[in-house]
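Hello,

Here is the structure for you to look over. My notes follow below it.

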Amino acid sequence: MLLTLTGGAGAGKTTLAAALAAAAGPGGRVRVLHGDDYYYAEPELGGVWVPDEAGVPRLDVGDPRSMDAGRLTDDVDAALGGARVVVVDGLFARTVAPRRLRGRQGRDS
């Protein structure tokens, strides 16, 4: 199962994700992935970079193109292979479309 927690900064996404994982216990097979870990770190790698007031390029974390969606999708796919529940928290978590679940839509209803 994939659970996405989406909301603005300070909304409690990470806290809720940690609480869900803790409630499942050590054998609960819950994996948490944090969207903040998937922002591009360098302009040459990708993302939307805008100069600040001093002219220094800063990553626009409010733009979904600033996240490495391919790497996140790969990690979600891998996690779904071994965890009962995968939780993704982040501003753009709802946009995650793992390949592992795409062919199963509508079958489990």
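**Confidence and main findings**

The mean pLDDT of the protein is 88, and 91% of its residues reach 70 or more. Keep in mind that this is a predicted model. Where pLDDT is low, the predicted coordinates should not be read in detail.

The largest nonpolar core has 15 residues. Those with the most contacts inside it are Leu33, Met67, Leu72, Val76, Val86 and Val88. Helix H2 (69–80) and strand S5 (85–89) each supply at least two residues of this core. H2 gives the most, with four residues. In soluble globular proteins, nonpolar side chains tend to be buried together.

Leaving aside residues up to four places away in sequence, Leu33 touches Tyr38, Leu72, Asp75, Val76, Val86, Val87, Val88 and Asp89.

Now the surface. Leu3, Leu16 and Leu20 form a nonpolar patch there, with about 210 Å² of accessible area together. Leu16 sits in helix H1 (residues 13–24). Its relative accessibility is 42%, so Leu16 counts as partly exposed.

Last, Leu2. This residue lies in strand S1 (residues 2–5). Leu2 is also partly exposed, because its relative accessible area is 23%, and buried means under 20%. Leu2 and Asp52 are 50 residues apart in sequence. In space, their C-alpha atoms are 36 Å apart.

Best wishes

Note on methods. Residues numbered from 1 in each chain as written. Predicted model: local features only at pLDDT ≥ 70, side-chain atom pairs only at ≥ 80, totals over all residues. Heavy atoms only, no water. Patch = residues over 30% accessible without salt bridge, like charges linked within 9 Å, V, L, I, M, F, W, Y side chains within 5 Å. Areas by Shrake-Rupley, 256 points an atom, 1.4 Å probe, with all protein chains shown as cover. Salt bridge = Lys/Arg side-chain N within 4 Å of Asp/Glu carboxyl O. Buried < 20%, exposed > 50% of the residue type's maximum accessible area, 1.4 Å probe, protein only. pLDDT = per-residue confidence, 0-100. Core = buried A, V, L, I, M, F, W, Y, C linked by side-chain atoms within 4.5 Å. Contact = heavy atoms within 4.5 Å.
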